[in-house]
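Here are some comments on the structure, written for someone new to reading such models. Please keep the sequence and the picture side by side while going through the points.

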Amino acid sequence: MRTPIIAGNWKLNKTISEAVALTTALKASVADVNDVEIIVAPPFTALAAVNEVIAGSNVRLSAQDVYSEDTGAFTGEVSAPMLKDVGCEYVIIGHSERRQYFGETNESVNQKVKAALAHDLKPIICVGEQLEEREAGQTETIIENHVTGGIAGLSVTELLTCVIAYEPVWAIGTGKTATPTQAQEVHSFIRGLLTSVYSADVASQLCIQYGGSVKPENAAELMAQPDVDGALVGGASLEAESFAQIVKFG
Ligand code: PEP
């Protein structure tokens, strides 16, 4: 019922020529895939070039962040209309690295989500607990705050335009993946939250990705969980071969 969504977050990697080479190789490797939504999220500087490479293909374009205002005196920021203009369909919002290093809060995430939706961008909203929070038994409280804060005030139609990415911070870039059971527990918790805020029908339609050291070797078992609908992939998306293998997890 829910189409799996596999997204590659390239973070602070790839010059324009490197991005074009990676995308060209990826496009060829996944050309025959028609049952997965495939997304790449290059750095801002490579968005235009990558958009040219993926034109007419089954690969979609995402940005890694967006600012909440459309225009104005906000030096260094990039707005939703600009991302739309360069060809983005998606935008990652509230990644744990943005929360950790750049002061992103649930409130700023919510403002960015609304700005993205106002310009027909699909937000990929990242949520996830840190190791100390998990060890202190606070995982569900943190996830509830991230999810309800991020989607506050959204209509059903707006919510269903979003993707939620559950990314335990302790699993990002560490090589330490959540077990399929750990991932399923939190994904099911998120779907339960959405059921209480919206309805079971709405919750059942929303795509919830898992992110945190997803690799070709562990993608299938994570994706086999009933509430895991895709993956947000960092390190393993920087090579066409490994990302294509994850895309073809089934
Ligand atoms: C990410 O950046 O969202 C991520 C999950 O990174 P990695 O796959 O490298 O853990």
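1. Overall make-up. Before looking at details, please keep in mind that this is a predicted model. The secondary structure of the protein consists of twelve helices and eight strands. The radius of gyration is 17 Å, close to the 18 Å that the globule rule gives for 250 residues, so the protein is as compact as a globular protein of that length. Along the principal axes, the C-alpha atoms fill a box of roughly 45 × 45 × 35 Å.

2. Of the 250 residues in the protein, 52% are buried.

3. Helices α1 and α2. Helix α1 covers residues 16-29 and helix α2 covers residues 47-54, and the two pack at an angle of about 25 degrees with their axes 9 Å apart. Angles under 35 degrees count as roughly parallel, and α1 and α2 are therefore roughly parallel to each other. Their crossing is right-handed. On the α1 side the contact involves I16, A19, V20, T23, T24 and K27, which meet A49, V50, V53 and I54 of α2. Sorted by class, the residues of this contact are seven nonpolar, two polar and one charged.

4. Helices α1 and α12. Helix α1 also packs with helix α12 (residues 240-247), where the axes come within 9 Å and cross at roughly 35 degrees. Here, too, α1 passes α12 in a right-handed crossing. The residues that meet are L22, A25, L26 and S29 in α1 and A240, F243 and A244 in α12. This contact of α1 with α12 has six nonpolar residues, one polar residue and no charged residues.

5. Helices α7 and α9. How do α7 and α9 lie relative to each other, roughly parallel or oblique? Helix α7 (residues 139-151) and helix α9 (residues 180-197) pack at an angle of about 45 degrees, with their axes 10 Å apart, and α7 and α9 are therefore oblique to each other. The crossing of α7 and α9 is right-handed. From α7 the contact draws on T139, E140, I143, E144, V147, T148 and I151, and from α9 on V186, F189, I190, L193, L194 and V197. These residues divide into nine nonpolar, two polar and two charged.

6. Q184 lies in helix α9. Is Q184 buried or exposed? Its relative accessibility is 16%, and because buried means under 20%, Q184 counts as buried. Leaving aside neighbours within four places in sequence, Q184 is in contact with Q225, P226, D227 and V228.

7. A buried leucine in a loop. L206 is placed in the loop between α10 (200-205) and β7 (207-211). With a relative accessible area of 1%, L206 is buried. Which residues does L206 contact, once its neighbours within four places in sequence are left aside? They are R2, L159, L160, C162, I164, R191, L194 and D229. L206 and T161 are 45 residues apart in sequence, and their C-alpha atoms are 8.3 Å apart in space.

8. The loop between β7 and α11. Two residues of this loop deserve a look. E217 is in the loop between β7 and α11 (219-223), and E217 is exposed, with a relative accessible area of 61%. From C-alpha to C-alpha, E217 and F249 are 9.0 Å apart in space, while in sequence they are 32 residues apart. S213 is found in the loop between β7 and α11 as well, but S213 is buried, with a relative accessible area of 14%.

9. Backbone angles to check. As background, most residues other than glycine have a negative phi. In S213, phi is near 55 degrees, a positive value in a residue other than glycine. Phi of K11 is near 50 degrees, again a positive value in a residue other than glycine, and K11 is found in the loop between β1 (5-9) and α1.

Technical notes: Residues are numbered from 1 along each chain as its sequence is written. This is a predicted model: local features need pLDDT of at least 70, side-chain atom pairs count only at pLDDT 80 or more; totals for chains, interfaces and linings use all residues. Side-chain values use heavy atoms; hydrogens and water are left out. Axes are lines fitted to C-alpha atoms, for helices over the stretch in contact, and angles run from 0 to 180 degrees between N-to-C directions. Helices (H or I, at least four residues) and strands (E, at least two) are DSSP runs, numbered from the N terminus. Angles under 35 degrees count as roughly parallel, over 145 as roughly antiparallel, 65 to 115 as roughly perpendicular and the rest as oblique. A crossing is left-handed if the near helix is turned anticlockwise from the far one by less than a right angle, and right-handed if clockwise. Contact means heavy atoms within 4.5 Å. Ala, Val, Leu, Ile, Met, Phe, Trp, Tyr, Cys and Pro count as nonpolar, Asp, Glu, Lys and Arg as charged, and the others, Gly among them, as polar. The radius of gyration is taken over C-alpha atoms; the globule rule is 2.2 Å times the number of residues to the power 0.38. Buried means under 20% relative accessible area, exposed over 50%, partly exposed in between (1.4 Å probe, protein chains only).
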